[in-house]
Amino acid sequence: MNLANLGKAGLLVAQNRLQTAGHNINNAATAGYSRQTVLSQTAGATPTSGGWIGRGVQAVSVQRSYDNFLQNQLTSSLTRGAALKTYGDQISQVNNLVADRTVGISPGIQKFFDALDAVASAPADMAARQELIGQANSLAGQIRDANAFLDGQRANVNTQIDTTVTQINSYLDRIQDLNRQITTAKATNPDQPPNDLLDQRDQLVSELGQLVDVKAYEQDDRVSLTIGNGQTVLGGDSVYYLEALPSKADPSRLAVNYTTKDAAGNTIPIEMDDKRITGGKLGGLLTFRSDALDATQNDLGRIALGISIAINDQHAKGFDLSGTPGGEFFNVGTPKVVGNEKNSATAGTPTASYVPGELSKITNQDYRVEFDGTNYKVTRVPEGTAISPAVNGTKLSFDGVEIDTAGMTPTAGDSWLIQPTRDAAAAMTVTITDPAKVAAAGWDPDANGGAGGPAGTANGDNALALAALRSQKILANGSMGMNEAYSQLVNTVAVKTQQNTTAQKAQETLISQNYSAQQAVSGVNLDEEYINLQQYQEQYRAAARLIDTASTLFDTLLALRS
C-alpha cells in the first residue's frame, strides 16, 4: 500500500516540523538560540510503465539558521562594549572626585594661599598665623583623602580582577564540558549537528568575550580559545586556567597570569603584560588602572610634592617670631622603591631621594631601573622611553630623582620600580603646630649695625614670597603652577571620561546594529512561526487523510472480493 506509506512519510515530516516550530516558539527569548528548520527532500520515485511514481518526502536534517561571520561580529562588538562600560564605571568615580570645585583640592589651594596673604599683611597677628596652619592642615587632609580614595579604587580594581579571573575560569570549564558533549553527540549521530549544544557553546563564548577578549578556533568539533598574545587557555582536552597574582614588579597590583606545564607536568603561572589583555571587563579594568588611575595618583602626588617642597624651600629662607630660621613646613617623604620579586638574593635595594633644586624636573611617570651586568638602565613607565641618567659614583640622577646603589651587589636582570610621586600625597602632613614658628619675616641687611639679621616680627617679606608661589611656574619644567597642575589633572580626567562616554555610545549603536543583523538570520519571528504552525498542521491533516484514504480503498477491495 504505497498510498499508506506516502501518508506515513508525510505524517512524520509534518510532525517533525510541528515539533521544531514549537521548539522555536519556546526558545524565542532564549539568549543565543538560533532558529531551527527541518530540511526535507523527496524520498525518490519508483519506475513504472506509466512513469516514475513518487514515494513521498523524508526529513534529512534539522538545521540552525546561523552565520558565523555575523555571530563573530556581534561577539567582538560586545567585547569592546564591555571594556568601555567597565572603564567608564571606574573613571566616572575619579572624575566626580577631582571635579568637585566646592570642597575639593582646588579651593583648598586657594584658601591656603589666601591665608599666606593674610599673614603677609599682618605678620604678628597670631590669629592669622593660626588660620594659616588650619588651612594648611585642611589642604593636606583633602589631598590625603583624595589619595585614599584612589587607593580604594586600586584595591577595588584588584578585587574585580580576581573575581573576573575566577569567572573566566568557570566559563572555560563550561565550554570544555560542551566540547565533550558535542564530540559525544557527533560520535553517536555523525551525520547530524547537535544544534542546541552548538548554540549553547557559542553563547558561552560570547559571554566569555564580555569578560576578556578571546579568539575562538574550531577544529574537529571542538573550540580552542586564546587570549592576549595568543596564549592558549583552552586547547584539545586541556584547560589552562588564568591566575590573579601579585605582580613581581609591584606586589600592590594584581597581575593576570596564564598557566602552562613544565617538564614534570607541574603548573607554572606566567605573568602577562597588561597591554596584551584587551576587551571585556578584564581589559577595561586593566586599561583604567594603567591609563587613568596610575596617572591620576601620580599627578596628585606631584602636586603634593610641588606644594610641599616649594613651600619648605622658601619657608627655610625666613624667620619666625623668635628670629629662628624657618623649619620644615610640610613633611616630604621619599620616592617609593620596589624590588622585583625575581631579583637575586644579593641584589639589595637602592635608596632614593629628590634632587634639591630640581622640583620642576619631576614627572608623573614611574621608572624601571635594570642592571644589565655592567650598567644600570632607566626606562620611564608606562611611557617606555629609555633615558640616560647622570652618574656620579654610585649615584644615578634622572628627572629630579636620585638613587644611590652603594652597598648593592646586583646580577644581570635585577630590576627595581621607582615611583617618585605615587605615595607623595599620602605622606603630606603639616609639621608646624605652633603659630609662632611660621617664618613670615625676611632678612634685614641693615639690622645689627649693618651686619644683617632677621627683619623682626612686624616684617612679612618671607610670607609675601611664600604667597607669591601661588602663581609661579614650579612644575613640569617651569610650565605649570600648582593650580594649573591641578586644573590639568582635572581636565585630563574629564577628557578621558568624555572620550569614553562618546566611544561607549557609538559602541552601543554598533552592538544594536550587529545584533539586528545577527537576529535577522538567527532570531525567531513568532508571527512567522504561527503561520508555519498552521501550514504544518494542514500538512499533518492531509497526510492523515492519505492514510485514511488508503484504508478506505483497502476496505473497498476486500468488499469486492467478498
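Helices (H or I, at least four residues) and strands (E, at least two) are DSSP runs, numbered from the N terminus. This is a predicted model, in which local features need pLDDT of at least 70, side-chain atom pairs count only at pLDDT 80 or more, and totals for chains, interfaces and linings use all residues. Residues are numbered from 1 along each chain as its sequence is written, and side-chain values use heavy atoms, with hydrogens and water left out.

Reader: Between which strands does D399 lie, and is D399 buried or exposed?
Author: Most residues other than glycine have a negative phi. D399, however, has a positive phi near 50°, and it lies in the loop between β18 (395–398) and β19 (401–404). With buried meaning under 20% relative accessible area, exposed over 50% and partly exposed in between (1.4 Å probe, protein chains only), the relative accessible area of 18% makes D399 buried.

Reader: Is N477 buried or exposed?
Author: N477 is not a glycine, yet its phi is positive, at about 55°. This residue belongs to the loop between α8 (461–468) and α9 (482–522). Its relative accessible area is 63%, so N477 is exposed.

Reader: In which loop does P382 lie?
Author: Most peptide bonds are trans. The bond from V381 to P382 is cis, with omega near 10°. P382 is found in the loop between β15 (376–381) and β16 (386–387).

Reader: Are α4 and α5 roughly parallel or roughly antiparallel to each other?
Author: The axes of α4 (residues 126–188) and α5 (residues 195–209) come within 10 Å and cross at roughly 160°. Angles under 35 degrees count as roughly parallel, over 145 as roughly antiparallel, 65 to 115 as roughly perpendicular and the rest as oblique. The two helices, α4 and α5, are therefore roughly antiparallel.

Terms used. Axes fitted to C-alpha atoms, helices over the stretch in contact; angles between N-to-C directions.
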